[in-house]
Amino acid sequence: MYKPSVYLVSLGCAKNLVDSEVMLGYLIKAKFPIVRVPNKAEIIIINTCSFIREAKEESLETIVNLCSYKKSGACNLLIVTGCLPQRYGDALSKLIPEVDVFIGTDEFYRIVEIIEDHLNKRSSPRFYLKKTLFLYDESTPRLNTSLPGNAYVKIAEGCSHQCSFCIIPRIRGPFRSRNPDSVVKEVSNLSALGIKEINLVAQDTTRYGKDLSPSTDLATLLRRLASLKGIEWIRLLYAHPLNLTDEVIDVIREENKICKYLDLPFQHVNSEILKAMNRKYDRMFIYQLIDKIRAKIPGTTLRTTLMVGFPGETENQFNELLDFVQEVKFDRLGVFTYSNEEGTSSFRLPDQVPEKIKEKRRQIIMSVQAEISREKNQKLVGKVEKVLIEKKEKTKWSGRTATQAPEVDGITYVSSDYDLKIGEFYNVLITQAGVYDLKGVA
């Protein structure tokens, strides 16, 4: 039976990417051919993000660009999935009438059924936005699209925090953990396929298991994953600071397979701003947590995400944040400007910071962080680092060390007189270091 070709583009974070990979898995299982270029696709799927203004703009721009293939290409079915339709629903359809189908964050797993209905029935619904609280498991079809050797594993969905600036709980629903046996089986299956690095993701990875019955925790899951054969690196991303327990810190220290890497989005350091953000911790908590981590896991790589320009942020409060960055010297750091999102409790707060000031503050912190990162990378010159090779370009390769998370951190460029294998580990002598990237010889 003839099946039309499909092109899928995934926008936003790694958590969204997992959803895209599940859709691809279902499509391939149903024998839909997947193409790499949109002009050859009869069906185009755009999995969107709408977390902040920039993400929404990217999503809308991508949709508009791909709409053109309904006229100039082979496309006769254009589908938009993910956060954007879940958040804006009918308003989005009026803005972009060229889109045929809108699927939210909970019904994307029905992608094959929805496509087949629309291919066979002209009266099929245009919107699929029900809150089903879907969780994929180890038996769910999924196509890993990450670079060779690594994969993301989503251990939970949704969020039950009520940060005043964040729309995610309204889009993704309450926090809900996957069954631990399911996570372990999935990682075991990935290992059998040759995957050596697992990056654990969720809206809040450190809250994992508390909602289950009987309850469990992240530390227990990490120990089970570390016992699996074949997996060499396990990395923890999106770890909410409030839920990072001593037990998790101990597991990271004790288990060799768990990367000595923590991604802790602090957002700010000023206690008044944190209270207004509804982050439920203060400046002292942050400093004490960082000191504890560095004392218990010497040499650990710390990554954080900060936000500048939250409503009411004064120059003094920003300078406090800047001093914090200079003092703590994070290994990795990202900065967002506050995005005033409708539907959040901070949306109507007074004293909105002008965009020019927000962007200037972002640039100041990133400039300071660039020098910190350069200094830290320079200390690696002359040392041998374990590198997972992911790409080859002509006679050179690129990959990552245990201190470099995929997509968000720098990469390591490797030269060698030998033919290195993609998806394998090699010991690399670091010879040069830049602000974010490294160079070395294997």
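Guide: A residue is buried under 20% relative accessible area, exposed over 50%, and partly exposed in between (1.4 Å probe, protein chains only). The model is predicted, so local features need pLDDT of at least 70, side-chain atom pairs need 80 or more, and totals for chains, interfaces and linings use all residues. Numbering starts from 1 along each chain as its sequence is written, and side-chain values use heavy atoms, without hydrogens or water.

Our part is helix 2, residues 53–67. Helices (H or I, at least four residues) and strands (E, at least two) are DSSP runs, numbered from the N terminus. Helix 2 has 15 residues and should span 21 Å at 1.5 Å a residue; the rule is 1.5 Å times one less than the number of residues. Its end C-alpha atoms are 21 Å apart, which agrees.

Now look at its sides. A55, K56, S59, T62, I63, L66 and C67 are buried. An α-helix has 3.6 residues a turn, so residues three or four places apart point the same way. Turn to the face away from the buried side of helix 2: exposed E61 and V64 are there.

What covers the buried residues of helix 2? The cover includes strand 1 (6–10), strand 2 (43–48) and strand 3 (77–82). Helix 3 (69–72) and helix 4 (83–88) are also among the covering elements.

For contrast, take K383, in the loop between helix 14 (355–378) and strand 14 (384–393). K383 is partly exposed, with a relative accessible area of 45%.

Methods. Contact = heavy atoms within 4.5 Å.
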